Amino acid sequence: MARFLTEDDVSRLLTMPRALDAVETVMAEMADGAAQNIPRERLRTPGTTQHLLQGLVPSEHAVGYKVYTISKGVVRFLLYVYDTTDGHLAGILQAQTLGMMRTGAASGVATRHLARPDAAVLGVFGSGRQAVGQIEAVCHVRPIREVKVHARDRLKLTAFCETMSRRVGIRVRPAEDAEDAVRGSDVVTTITTSDVPVFDGAWLSPGTHVNAAGANMLSKREVDEATLRRCSAVVVDSRAVAQKECGDLLPLIEKGHLGWGDIHELGEVMTGRRPGRRHADDITCFESLGLAIQDIIVGARLLPLAHAQKLGIDLPVGI
């Protein structure tokens, strides 16, 4: 029998440590040539856009795809996981919470491998649902003592900071402005829908690590050229995906200031194939686009947990 997990089921099962471990595992497996990721494809109509991501994770005997639609501001996510031993459908998961957690975990893994070990202050741009996973993940991998958040809606931002302070158990406060979010921060994370850079790279202190997690279309930008030109290491989750989707990198690539050979994949840095941070004063950047294999490994690991805890709805095998 296949299993169907709702958002509530996923929320009960998926912790940030589980998400971090899954993403760390699969990024190393991609660097080793085992896990395979197919870049996102999009289909557009006047009213709806469909997004499709596919991947293979041999260590979990899992292959599958995530599909989501955006229509009139509503996003609907479903993840399909199949067992490669005989091709049967192992499960279907509602994947909004799962996506938020694994996106945060990707930034957390990058922070673990690229930020200074003593990083203690986190600056964040964005206070939407995705920002929850970003803050939680970075706080799991570094001794963060303060989080500063900048967002356009001040009323919503205040409530968000109060909620996150309780969730992570440290001080999360509204930043005075964009510059305040960056100045003095050891890690800066952007998770917005902006089509223009959200801060000036001149504000970054030596030694800062940047997670840019929102610009997953060529039309989007969160990080300016000054930031990227100051970086000793620019890292992506996948060069193949970045070439199709990373709006932050496109201007420098087109001007010849950066080549794809200069850009490292996170799994390559993790496994020692490519360098990451070399010195304490280095500025580093991780451009997170989002990979199917990250979703699939998380989903594949949640399904047996759901079975053990009798969560989810059993579906006929042939569905």
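Predicted model: local features only at pLDDT ≥ 70, side-chain atom pairs only at ≥ 80, totals over all residues.
User: How do helix 3 and helix 4 cross, and at roughly what angle?
Analyst: The axes of helix 3 (residues 96–114) and helix 4 (residues 129–141) cross at roughly 35° and come within 7 Å. The crossing is right-handed.

User: Which residues meet there?
Analyst: From helix 3, they include Q96, M100, M101 and R112. On the helix 4 side, R129, V132, E136 and V141 are among them.

User: How many nonpolar, polar and charged residues are in that contact?
Analyst: The contact of helix 3 with helix 4 has seven nonpolar, 11 polar and three charged residues.

User: New topic. How many salt bridges does the structure hold?
Analyst: There are 21 salt bridges in the structure.

User: What does R239 pair with?
Analyst: R239 forms a salt bridge with E268, and their closest N and O atoms are 2.7 Å apart. R239 lies in helix 8 (residues 239–245) and E268 in helix 10 (residues 266–270), so the pair ties together parts that are 29 residues apart in sequence.

User: Are those two buried or exposed?
Analyst: Both R239 and E268 are buried.

User: Why does R116 count as buried?
Analyst: Because its relative accessible area is 16%, and buried means under 20%.

Conventions. Residues numbered from 1 in each chain as written. Heavy atoms only, no water. Axes fitted to C-alpha atoms, helices over the stretch in contact; angles between N-to-C directions. Helix = DSSP H or I, 4+ residues; strand = E, 2+ residues; numbered from the N terminus. Left-handed = near helix turned anticlockwise from the far one by under 90°. Contact = heavy atoms within 4.5 Å. Nonpolar A, V, L, I, M, F, W, Y, C, P; charged D, E, K, R; others polar. Salt bridge = Lys/Arg side-chain N within 4 Å of Asp/Glu carboxyl O. Buried < 20%, exposed > 50% of the residue type's maximum accessible area, 1.4 Å probe, protein only.
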